[in-house]
Amino acid sequence: MVVRLLRHAGRFVLDRLYPPSCLLCGADTMQAGLVCSTCFVRLPLLGPPCCAACAQPQASSALLGRDGLCATCERRHPAWEQGRAAFIYDAGARDMILRLKYADQLDYAAFLAGHMARAGQDILGPGVLVVPVPVHRWRLLSRRYNQAALLGRSIARGLGLDYGPDVLERLRATVRLARFSRGARQREMQGVMRVRAGRRTLLRGRTVVLVDDMLTTGATATACVTALREAGAQKVHLLVAGVVPERPGLDIDLQEML
Ligand SMILES: [Zn+2]
Ligand SMILES: [Zn+2]
C-alpha cells in the first residue's frame with residue numbers, strides 16, 4: 001500500500017516533469033493513460049455487428065438472427081446471457097497487446113476498462129454487481145496482478161456499481177485450456193470455481209456482470225457463470241477486454257457437465 005502510494009506520488013511528480021506519453025509507442029499525448037491518435041486508429045476496436053452472446057464480430061448484421069445471436073449461439077446458447085467485448089485479439093492485435101503488457105499495469109487496466117465500459121454500456125445498468133474471474137493464488141504470486149480484478153474494479157468504480165472482487169474463488173490452478181479438446185477442457189474446469197460461502201446473500205436475485213481480460217474457449221467463463229447461477233444470481237452477463245475470433249467448439253455446453 002505504501003509502495004503504491006509512493007509510486008503514485010512519484011508519478012504525479014514525473015507527470016509534471018515529463019509530458020504524458022502514449023501507452024503503446026511512447027509518443028507525447030495530451031493526457032496520461034491514453035494512446036496517441038496514430039496508435040488509436042490501429043487499435044482492433046470491436047464494433048457492430050457482433051453476436052449478442054459470444055461477442056464474435058460478424059461480416060453482416062444479416063448473419064444475426066432473432067435476439068442478435070449468431071448461428072452457433074442460436075443452436076446452443078452460452079451459459080451467460082449477453083456477452084460484450086471491446087477488442088478483437090487476432091494475430092494483428094497480439095503485437096499491440098504484448099506491448100501494452102510492458103506499460104504500467106494500472107494505466108493499462110484503466111485504458112482497457114474505459115473501452116469495456118463503452119462496449120458493455122447496455123449490460124452495465126443500475127444495480128448490477130461486477131464480479132471478476134478469479135485467478136489461483138499461486139498464479140497471483142507470479143503475476144502480481146489479477147488483470148480481471150483490475151479491470152472489474154476500474155469499470156465498477158467508473159460507473160458507481162457494486163464490485164465483488166471476492167465473490168468467486170478458484171480452487172485450483174488450471175492448465176492453459178486452448179490446446180485441449182472440448183471434453184478435456186470440461187474435465188479440467190469441473191469444480192474449479194466456487195462462490196465463497198459468505199458471498200451467497202450478495203448474489204440472490206442479482207444481475208451479475210462477469211469480467212475477464214480475454215474470451216478464448218469460454219470454459220473458464222462458463223464455470224464461473226454456473227457457480228454464480230447456482231448460488232442464486234438471477235442473470236449473468238459476460239464482459240471481456242478481448243475476444244479471440246472464430247473459436248470452433250466454444251464451451252457453451254459445459255453447464256450440462258457441472
Ligand atoms: Zn502511440
Ligand atoms: Zn454467437
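Buried means under 20% relative accessible area, exposed over 50% and partly exposed in between, with a 1.4 Å probe and protein chains only. By that scale Ala 233 is buried, at a relative accessible area of 4%. This is a predicted model, in which local features need pLDDT of at least 70 and side-chain atom pairs count only at pLDDT 80 or more, while totals for chains, interfaces and linings use all residues. Residues are numbered from 1 along each chain as its sequence is written, ligands are numbered from 1 in the order in which they are written, and side-chain values use heavy atoms, without hydrogens and water.

- Cys 25 and Cys 36 both lie in the loop between helix 1 (2-17) and helix 2 (37-42), so the pair ties together parts 11 residues apart in sequence.
- Cys 25 is partly exposed, at 44% relative accessible area, whereas Cys 36 is buried, at 11%.

**Surroundings of Ala 233**

- Ala 233 sits in the loop between helix 10 (219-230) and strand 7 (235-243); helices (H or I, at least four residues) and strands (E, at least two) are DSSP runs numbered from the N terminus.
- Beyond neighbours within four places in sequence, Ala 233 contacts Leu 203, Arg 206, Val 208 and Leu 228, contact meaning heavy atoms within 4.5 Å.
- The C-alpha atoms of Ala 233 and Arg 200 are 8.6 Å apart in space, with the residues 33 apart in sequence.
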